Amino acid sequence: MREKVTGAKRWVVKIGSALLTADGRGLDRDAMAVWVEQMVALHCAGVELVLVSSGAVAAGMSRLGWVSRPSDMHELQAAAAVGQMGLVQAWESSFGVHGLQTAQVLLTHDDLSDRKRYLNGRNTLRTLVDLGVIPVINENDTVVTDEIRFGDNDTLAALVANLVEADLLVILTDRDGMFDADPRNNPDAQLIFEARADDAALDAVAGGTGGALGRGGMQTKLRAARLAARSGAHTVIVGGLIERVLDRLRVGERLGTLLTPEQSRKAARKQWLAGHLQMRGTLVLDDGAVKAVAQDHKSLLPVGVKAVQGSFRRGEMVVCVDQRGREIARGLANYSTLEAQKIIGQPTDSIEGLLGYIDGPELVHRDNLVLV
């Protein structure tokens, strides 16, 4: 199954706090430079790359002279605000040495649970990747509360993998992978090279929480792998200090623990779109649009829509039916009900004139369209 790693075209790489901050002694810029060099090699090999970086709170603690992670939310937010400055600057300068641009993206759970903001975030990340920019993503620790925080950047990385439809999630950690027993206490513990993400037996060996700097332990990494598997992504949990770890993964070397999804990416996304979102409206398609969507697997353009029913916002789920009411597909709308009513039956180049702006030439993009 390691060919699933070598053949992966879109990677989300997550690097934990303990690796980035040298166990609390500030940002380890030398280590960051080593990972950047490997990520640049991935980028040059045609891999689309998104980086999820921990370390803001830990870096802020170091700058503020704090030796233990605070429990008070406002102190955590203050540490994140201080540390995020240095963290982003460090990534920017390190990638800049190789002539690559970076972009800071801060997210909260609210951003990914709201369909409009989810779609906006997805489009932004796709645009950045298309432009050859490396998105550097972190949780927006300065504003999160207990109700909306991801809880750990492993979970954030998995949700980002869902968001960008990644082929592979790589979680770099301070351990070599998942073991069948705790290697700190059992010298006979064996590395688990490969398993299904949904294997219930993994729960017993995942252990507890992480160290003092981070929030995530092996259990959160297993949960992240299961979240990533929902969109068909494979996950590798692997030691970030292994020499040339990303280079060696790319060529198929058997490092870390590979956790595989039950379904292919396409099948997993189809199930998610078709079964996990409420229908908010209906689009009635003419015969040409039915053929374009059902047979040619194209996006749904406004010109092929005869009528709009229901009430939906941008990013919400709509059902596409033919003129006899037979369901053809389901998808995420690029425009709201009122906007759609103004542009249906019109060519794409009329959208901006009718609305005063354009959020995309399609009413429903084929990547967000599932045949039923």
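**Stop one: an aromatic pair**

Start by selecting Trp-91, which counts as buried because its relative accessibility is 0%, under the 20% cut-off. Keep in mind that you're looking at a predicted model.

How many aromatic pairs does a search of the whole structure find? One. Here it is: Trp-91 and Phe-95 form a tilted pair, 6.2 Å centre to centre, with 40 degrees between the planes.

**Stop two: α4 against α5**

Stay with α5 and bring up helix α4 (residues 56-64). The two pack at an angle of about 95 degrees, and their axes are 6 Å apart. That angle falls in the 65 to 115 range, so α4 and α5 are roughly perpendicular to each other.

To see the contact, select Ala-56, Val-57, Ala-59, Gly-60, Met-61, Arg-63 and Leu-64 on the α4 side. On the α5 side, pick out the residues they meet, including Leu-76, Ala-79, Val-82, Met-85 and Leu-87. Colour this contact by residue type and you get 11 nonpolar, four polar and one charged.

**Stop three: α8 beside α9**

Next, show helix α8 (residues 153-164) and helix α9 (residues 218-229). Their axes are 8 Å apart, and the packing angle is about 10 degrees. With an angle under 35 degrees, α8 and α9 are therefore roughly parallel to each other.

From α8, select Asp-154, Thr-155, Ala-158, Ala-161 and Asn-162; they meet Thr-220, Lys-221, Arg-223, Ala-224, Leu-227 and Ala-228 in α9. The residues of this contact divide into five nonpolar, three polar and three charged.

Is Glu-165 buried or exposed? At 12% relative accessibility, Glu-165 counts as buried.

Then jump to the loop between α12 (287-294) and β10 (305-310), where you'll find His-297. His-297 isn't a glycine either, yet it has a positive phi of about 55 degrees.

**Last stop: a charge over a ring**

Finish by selecting Phe-193 and Arg-254. What lies over the face of Phe-193? Arg-254 does, at 4.1 Å from the ring centre.

Technical notes
Residues numbered from 1 in each chain as written. Predicted model: local features only at pLDDT ≥ 70, side-chain atom pairs only at ≥ 80, totals over all residues. Heavy atoms only, no water. Axes fitted to C-alpha atoms, helices over the stretch in contact; angles between N-to-C directions. Helix = DSSP H or I, 4+ residues; strand = E, 2+ residues; numbered from the N terminus. Parallel < 35°, antiparallel > 145°, perpendicular 65-115°, else oblique. Contact = heavy atoms within 4.5 Å. Nonpolar A, V, L, I, M, F, W, Y, C, P; charged D, E, K, R; others polar. Phe/Tyr/Trp six-rings, centres within 6.5 Å; stacked < 30°, edge-to-face > 60°. Buried < 20%, exposed > 50% of the residue type's maximum accessible area, 1.4 Å probe, protein only. Lys NZ or Arg CZ within 6 Å of the ring centre and 35° of its normal.
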